[in-house]
Amino acid sequence: MRPPASPPSLFTLILLTAATTLALSLFLPSLPAIADDFGVSDEVAGLSLSGFLAVQAAILVFLAPIADRVGRRPVLLWSMGVFALSSAGSALSPDIWTFLAFRMAQAVAILGATLAMAIVRDMRDEREAAGLIGLIGAAMAAAPMLGPMLGGLVAEAFGWRACLWLLAALGAAVWLTTLLDLGETRREGPSDADRRAASGALLGSARFSAHAICASASRVTFYVYVAGAPLAAAAFGAGAAETGVYVGAITAGCLVGSVAAAR
């Protein structure tokens, strides 16, 4: 086990990031099967995506700042533990509402990627951090590409619940890796008053707004596609494995761009 103050390896940071993106993408080809299995409409089953994203946004607002106060390590250990347990709960759900409740709890996985980026900034100067974040960004692009493909194959072979058991195993592996490899990297930050002043200046920055709008437009386009693609593919008679290829292929461009940015 690494000392409490030692930084994590790149593998740990990539694993945290991959868990975040796989939590979203691995089960997407199974949306039609989930709706059929629980006897609900596609719109209700789709709440497992739209609701998941809404809860992620709330988690970032309310829980991410806690990592600046108590440290990255305890927040990540807590969040990955909740993610593993809620994934198992989703797999065991007897009805759609229990499934959706556990699915919303899975959204805590967003802290993996968010705090991985924060840890990079803790450890490196601005120039080095940019290159390392680019490499982690490649993992963020590869996971949505490979996740639906893997999820489609698993769902077609073993059923959609197997995808959630796979996420539970991933969450347990990330929790253990974090426990063994992630030392605390948080540095003493500014006071609350300074944070509020900095936040106000950031929100008033035209450069920040331009980047935020660009990133938001890209994400919205992606999520609209991944939400509709499984239902459209099912309407054309595509199986889960084939649907996974359609959903995952769109992120290939993101992977190439992330690698280019890192270099």
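In this predicted model, the largest nonpolar core has 55 residues, and those that touch the most other members are I34, F99, L111, L167, L170 and V174. The largest share of this core, 8 residues, is supplied by helix α1, which spans residues 10-25. As a general background, nonpolar side chains in soluble globular proteins tend to be buried together.

- When its neighbours within four places in sequence are left aside, V174 is in contact with L15, L16, A19 and M80.
- Helix α6, which covers residues 96-106, has I96, F99, L100, R103, M104 and Q106 as buried residues, and these lie on the same side of α6 because they cover an arc of only 145° around the axis.
- The cover over the buried residues of α6 includes α1, α2 (31-38), α3 (42-62), α5 (72-91) and α9 (160-181).

**The chain as a whole**
- The secondary structure consists of 13 helices and 0 strands.
- Of the 263 residues in the chain, 44% count as buried.

**Salt bridges**
- Side chains of opposite charge can pair when their charged atoms come close.
- The count for this chain comes to 2 salt bridges.
- One of them joins R161 to D37, with the closest N and O atoms 3.7 Å apart, and this pair links distant parts of the chain, since R161 is in helix α9 and D37 in helix α2, 124 residues apart.
- R161 counts as partly exposed because its relative accessibility is 26%, and D37 is also partly exposed, with a relative accessible area of 45%.
- In another salt bridge, the side chains of R72 and D68 meet at 2.6 Å, N to O.
- R72 is buried, as its relative accessible area is 7%, whereas D68, with a relative accessible area of 27%, is partly exposed.

- Y225, V245, Y246 and I250 make a nonpolar surface patch of about 330 Å².
- Within this patch, Y246 has its place in helix α12, which spans residues 240-249, and Y246 is partly exposed, with a relative accessible area of 39%.

Terms used. Residues are numbered from 1 along each chain as its sequence is written. This is a predicted model: local features need pLDDT of at least 70, side-chain atom pairs count only at pLDDT 80 or more; totals for chains, interfaces and linings use all residues. Side-chain values use heavy atoms; hydrogens and water are left out. Patches are made of residues with over 30% relative accessible area and no salt bridge: like charges are joined within 9 Å, nonpolar side chains (Val, Leu, Ile, Met, Phe, Trp, Tyr) within 5 Å. Accessible areas come from the Shrake-Rupley method with a 1.4 Å probe; for residues, only the protein chains shown count as cover. A salt bridge is a side-chain nitrogen of Lys or Arg within 4 Å of a carboxyl oxygen of Asp or Glu. Helices (H or I, at least four residues) and strands (E, at least two) are DSSP runs, numbered from the N terminus. Buried means under 20% relative accessible area, exposed over 50%, partly exposed in between (1.4 Å probe, protein chains only). A nonpolar core is a set of buried Ala, Val, Leu, Ile, Met, Phe, Trp, Tyr and Cys residues joined through side-chain atoms within 4.5 Å. Contact means heavy atoms within 4.5 Å. The arc is that of the directions from the helix axis to the C-beta atoms.
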